[in-house]
Amino acid sequence: MPVLRTPAFLPLLASTLGLFRHPRRGLDDPALLPRIERALAGATLDPAWLAAYRGSVGLSDGPRLPPLALQLAAAPLHMAILGDAQFPFRALGLVHLSQRVIQTRAMAPHAPFDLRACSADARWEKRGMSFGLVTEAWCEGECVWRGETRALAPGKSLAPAPAAAAGATDDRGAAMPVCDEVLHVPEATGRRYAAIAGDLNPIHQHALLARLFGFRRAIVHGTWTLARALALAELPGRPAFTLEAHFRRPVELPSDIRVRAWSGAGAETGNPSGRPHRLTVSEPHTGKTCIDILLAESA
C-alpha cells in the first residue's frame, strides 16, 4: 500500500527537472487541451507528514482530514500531469486563480483511499489561457472528496472584452465578523510549506529567485493562505461542505494579512441550509483583497 509523504530531495529535484524535458508551445484553441490522467490506488497518508502539514497551517490533531490535505497529497499526480509530453503549458509561471472543494463526508486520517487526477476545461482569460486540474479521492467505491484547481498560463489572449459587471450586494458590512485577526507571515513560511508540499518552485523560496519570474518578493502558496484562514475561522465545522476560493493577489513574504469571517445565516443555530460562510484574506494596511472565500456546509 503506497504511503504519501514528503518526497526526498533528489527524487523531487529529478521530477521537477522533468517538467523541462519537453517543449511547451501553448494552445491556439482551448478545445485542444488533451485529457491527461494519473491515478494512485490504495494510498494512505504518512502520519508524520500529516502532523507537519497540520502544524504549518495552524491546525491541531483531529479525527478527520483537514479540508485541503488531499490537494497537497496529490502533488505527485499533478506533477506527472504537468510533466507529460502532451501537456502544453510551462509549469513555472502558472498562476493559481481559484480552488473549489466538494466533500461529501469526513475521512479518517488513517483511511486508505484511491486518488485520481486529470487535466480539464481550458478557456481564454484576459491575460492568457486557463485550465482545470481535477482531483478526486475515492473511499470504498465512493467519491468523498473532489478538488478543482484553475490555473492561468499567462500569454496572448483571444478572450472577448468582459461585459460590465452587474452591481453585487455585499451584506458583510451590516454584520460583525465572527473572526477578525491580523497575523504576521514570516519570510521562511514559503520554504517551510514548500518542503511539506514537495514544491521546488523558486517563487516560494527566496526574493532573489522570485524576481526572475516578475515578483518583487517571494510569495507564499495560495493553498497555505487558504488553509490558514480556514483554521483561524475554525471552518469547516461540518464533515460535508462546498468551498469556493478566488485568489486575487499573492501574499508576499514577509507580510501581514488580515483574516475576517462572517457566519452564514442560520449557522449559529446549526442550520446547514442557510447562506454560506464568507471569508476574506486582505492586506491590513491597504485593504486590498488577496482571497475571497465562500463555504457552504450541509448536514
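## Aromatic pairs

Trp 49 and Tyr 53 both sit in helix α2, residues 47–57. They are 4 residues apart, about one turn of the helix. Helices here are DSSP runs (H or I, at least four residues), strands are runs of E of at least two, and both are numbered from the N terminus. This is a predicted model, in which local features need pLDDT of at least 70, side-chain atom pairs count only at pLDDT 80 or more, and totals for chains, interfaces and linings use all residues. Residues are numbered from 1 along each chain as its sequence is written, and side-chain values use heavy atoms, with hydrogens and water left out.

The structure holds 4 aromatic pairs. Rings of Phe, Tyr and Trp (its six-membered ring) pair if their centres lie within 6.5 Å; planes under 30 degrees apart count as stacked, over 60 as edge-to-face and the rest as tilted. Trp 49 and Tyr 53 form a stacked pair, 5.8 Å centre to centre with 5° between the planes. Trp 49 is buried, at 5% relative accessible area. Tyr 53 is buried too, at 1%. Buried means under 20% relative accessible area, exposed over 50%, and partly exposed in between (1.4 Å probe, protein chains only).

Phe 87 and Phe 89 are edge-to-face, because their planes stand at 80° with the ring centres 5.8 Å apart. Phe 87 and Phe 89 are both buried. Together with Phe 131, they form one aromatic cluster.

## Salt bridges

Side chains of opposite charge can pair when their charged atoms come close. A salt bridge is a side-chain nitrogen of Lys or Arg within 4 Å of a carboxyl oxygen of Asp or Glu. By this rule there are 16 salt bridges. One of them joins Glu 136 to Arg 146, with the closest N and O atoms 2.5 Å apart. Glu 136 lies in strand β5 (residues 128–139) and Arg 146 in strand β6 (residues 142–154), so the pair ties together parts 10 residues apart in sequence. Glu 136 is buried at 17% relative accessibility. Arg 146 is partly exposed at 25%.

Another salt bridge runs between Glu 252 and Arg 217, where the closest N and O atoms are 2.7 Å apart. This pair links distant parts of the chain, 35 residues apart. Glu 252 is in the loop between β8 (240–247) and β9 (255–262), and Arg 217 is in the loop between α6 (207–210) and α7 (222–233). Glu 252 counts as buried at 16% relative accessibility, while Arg 217 counts as partly exposed at 29%.

## A network around Arg 150

Salt bridges that share partners join Asp 121, Arg 123, Glu 125 and Arg 150 into one network. Arg 123 is partly exposed, at 38% relative accessibility.

Where is Arg 150 placed? Arg 150 is in strand β6. Arg 150 is buried, with a relative accessible area of 9%. Its C-alpha atom is separated by 9.1 Å from that of Asp 121, 29 residues apart along the chain. Contact means heavy atoms within 4.5 Å. Leaving aside neighbours within four places in sequence, the contacts of Arg 150 include Asp 121, Arg 123, Glu 125 and Phe 131.

## The largest pocket

The largest pocket has a volume of about 1,500 Å³. A pocket is found on a 1 Å grid over the protein atoms alone: it is an open set of points where a 1.4 Å probe fits, with protein on both sides within 12 Å along at least five of seven lines. Lining residues have an atom within 4 Å of a point. Grid points are joined across faces, edges and corners, and the volume is the space filled by probe spheres set on the points.

The lining has 48 residues, and Leu 94, Val 95, His 96, Leu 97 and Ala 151 lie nearest the centre. Of the lining residues, 27 are nonpolar, 15 polar and 6 charged. Ala, Val, Leu, Ile, Met, Phe, Trp, Tyr, Cys and Pro count as nonpolar, Asp, Glu, Lys and Arg as charged, and the others, Gly among them, as polar. Elements that each supply at least two lining residues include β5, β6, α7 and β8.

## Two buried residues

Met 107 lies in the loop between β3 and β4 (113–125). Met 107 is buried, at 4% relative accessible area. Met 107 and Arg 64 are 43 residues apart in sequence and 5.4 Å apart in space, C-alpha to C-alpha.

Ser 282 is found in strand β10, residues 277–282. Ser 282 is buried at 5% relative accessibility. Leaving aside neighbours within four places in sequence, Ser 282 touches several residues, among them Asp 256, Arg 258 and Cys 290.
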